Amino acid sequence: MIPQINILSVVDVIGALSTGTLRHSLFIVDNHPANCKPPSDVHPLGSRQSQTICSSGQASQSLITHVTYGQVLNWQVASIDLQTEVVIKKITFFRNGEEITAADTPCVLLGRYGAPSGEYWAGAVNKPGKIEPGDYQYKIEFSLTGKSMITEEFSVISVSN
Amino acid sequence: MTDTLELLALSKTVHTATTPKPVSIVGMVNATRALADGTLLGNICWVDNNAAGGSRFLGTDHLVSAIEAGASVTWLAEPLEVETFVEILEITGPAVELTSAAEKSFYDGAWKYWEGQVPSSAKGEYTYSLSLNICGRAMVLPTNLTLSVTGKGGKRI
């Protein structure tokens, strides 16, 4: 298991501002290894712990990241265009399309943190018993040179033991 | 030879309505895993800002960037991890002379990126590779990237 999940969004800020949408101007990847089988493809007799977990939808808005309870998640953002600025303003979680209240959040301690290389967002997957295993969608609100834009599609963290 | 030497000559272009769209290319690097694996294979993917102009294989390690003749192009590498360091060391490939004129630049005194300009006479596809500094360790891309140079207005030459 990877101790921390790093999720990087790269935004074509000029493209998004000129089209008014992030749809073709946002690429999200995480640090799960490439060329591995998703959990659904794992052989029933295989040990879950011994399997390499991967993500799907890499380099798209609809990234699905497989996580475990307690795992730390870090979100960073960068601009494709050097002269433009983009920051994460907010991350909102949903369950079956409904916004999740703070009490039921799948990601505790979620907030903005600082690092020598710049600010990032981080949180930890909630404890067993606090949240059910399964898929939790989220949307990211960015500030693109001062203009707020929210992802149109859901990204997902898929929680399992 | 002259064309290729010109291809990535450093240029600070003032963009007007008639200048071709500048293309920015960003590599997203899983630095920690690249160090652990000893290779960038499976640990880097590339995107650019010209999918609408015909760029292909965005999000893969073999990006083909569509770019108009005369356009400027920049390259930047970004680590996925917060506390790791990645920068482009060199641009190399079959057309070494093509890339040797590209130059390392700085933005805001912090970000190191590479910048060049495609000459107006360029046409066709130019493959290239990059070497990266991953937290002090030099690594070369396992696959080639491509600049697919079209005529102005996106017309394929």
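How many helices and strands does the secondary structure of chain A come to? In this predicted model, the secondary structure of chain A comes to one helix and 11 strands, where helices (H or I, at least four residues) and strands (E, at least two) are DSSP runs numbered from the N terminus. Residues are numbered from 1 along each chain as its sequence is written, while chains are lettered from A and ligands numbered from 1 in the order in which they are written. Because the model is predicted, local features need pLDDT of at least 70 and side-chain atom pairs count only at pLDDT 80 or more, whereas totals for chains, interfaces and linings use all residues; side-chain values use heavy atoms, with hydrogens and water left out.

Read along the sequence, the elements of chain A follow the pattern β-α-β-β-β-β-β-β-β-β-β-β. Of its 161 residues, 53% count as buried, the term buried meaning under 20% relative accessible area, exposed over 50% and partly exposed in between, with a 1.4 Å probe and protein chains only. The accessible surface of chain A comes to about 7,800 Å², of which 52% belongs to carbon and sulfur atoms; accessible areas come from the Shrake-Rupley method with a 1.4 Å probe, and for residues only the protein chains shown count as cover. Among contacts in chain A (heavy atoms within 4.5 Å) between residues at least 6 apart in sequence, 65% join residues at least 24 apart.

Over all chains, the structure holds four salt bridges, a salt bridge being a side-chain nitrogen of Lys or Arg within 4 Å of a carboxyl oxygen of Asp or Glu. One of them joins Arg23(A) to Glu153(A), with the closest N and O atoms 3.2 Å apart. Since Arg23(A) lies in the loop between α1 (13-19) and β2 (26-30) of chain A, and Glu153(A) in the loop between β10 (147-150) and β11 (155-160) of chain A, this pair ties together parts that are 130 residues apart in sequence. Arg23(A) is partly exposed at 42% relative accessibility, and Glu153(A) is partly exposed at 29%. A salt bridge is also formed by Arg112(A) with Glu119(A), the closest N and O atoms being 3.4 Å apart; here Arg112(A) is partly exposed, with a relative accessible area of 46%, whereas Glu119(A) is exposed, with 56%. In chain B, Arg56(B) forms a salt bridge with Glu125(B) at a closest N and O separation of 3.1 Å. Arg56(B) lies in the loop between β2 and β3 (64-68) of chain B and Glu125(B) in strand β8 (residues 124-134) of chain B, so this pair ties together parts that are 69 residues apart in sequence. Arg56(B) is partly exposed, with a relative accessible area of 34%, and Glu125(B) is partly exposed at 48% relative accessibility.

Strand β1 (residues 23-29) of chain B is largely enclosed by the rest of the structure, because seven of its seven residues are buried. In a regular strand the side chains alternate between the two faces of the sheet. Within β1(B), Val23(B), Ile25(B), Gly27(B) and Val29(B) point one way and Ser24(B), Val26(B) and Met28(B) the other way, all of them buried. β1(B) pairs in the parallel sense with strand β4 (residues 72-79) of chain B over seven bridges, and in the antiparallel sense with strand β2 (residues 44-48) of chain B over five bridges, two strands being paired if DSSP finds at least two bridges between them. Val29(B) stands opposite Pro79(B) in β4(B) and opposite Ile44(B) in β2(B).

Elsewhere in chain B, Leu89(B) is found in strand β5 (residues 86-92) and counts as partly exposed at 32% relative accessibility. Leaving aside neighbours within four places in sequence, Leu89(B) is in contact with Trp114(B), Ser131(B), Leu132(B), Asn133(B) and Ala138(B).

Between the chains, 22 residues of chain B are in contact with 23 residues of chain A. The two chains bury about 2,000 Å² between them, 69% of it on carbon and sulfur atoms, buried area being the accessible area (1.4 Å probe) that two parts lose on being put together, summed over both. In chain B, Met28(B), Leu80(B) and Val82(B) lose the most area to chain A, together 31% of what that side buries. Across this interface the rule finds zero salt bridges. β1, β2, β4 and β7 (111-117) of chain B each supply at least two residues of the side that touches chain A, and the largest share of that side, four residues, comes from β4(B).
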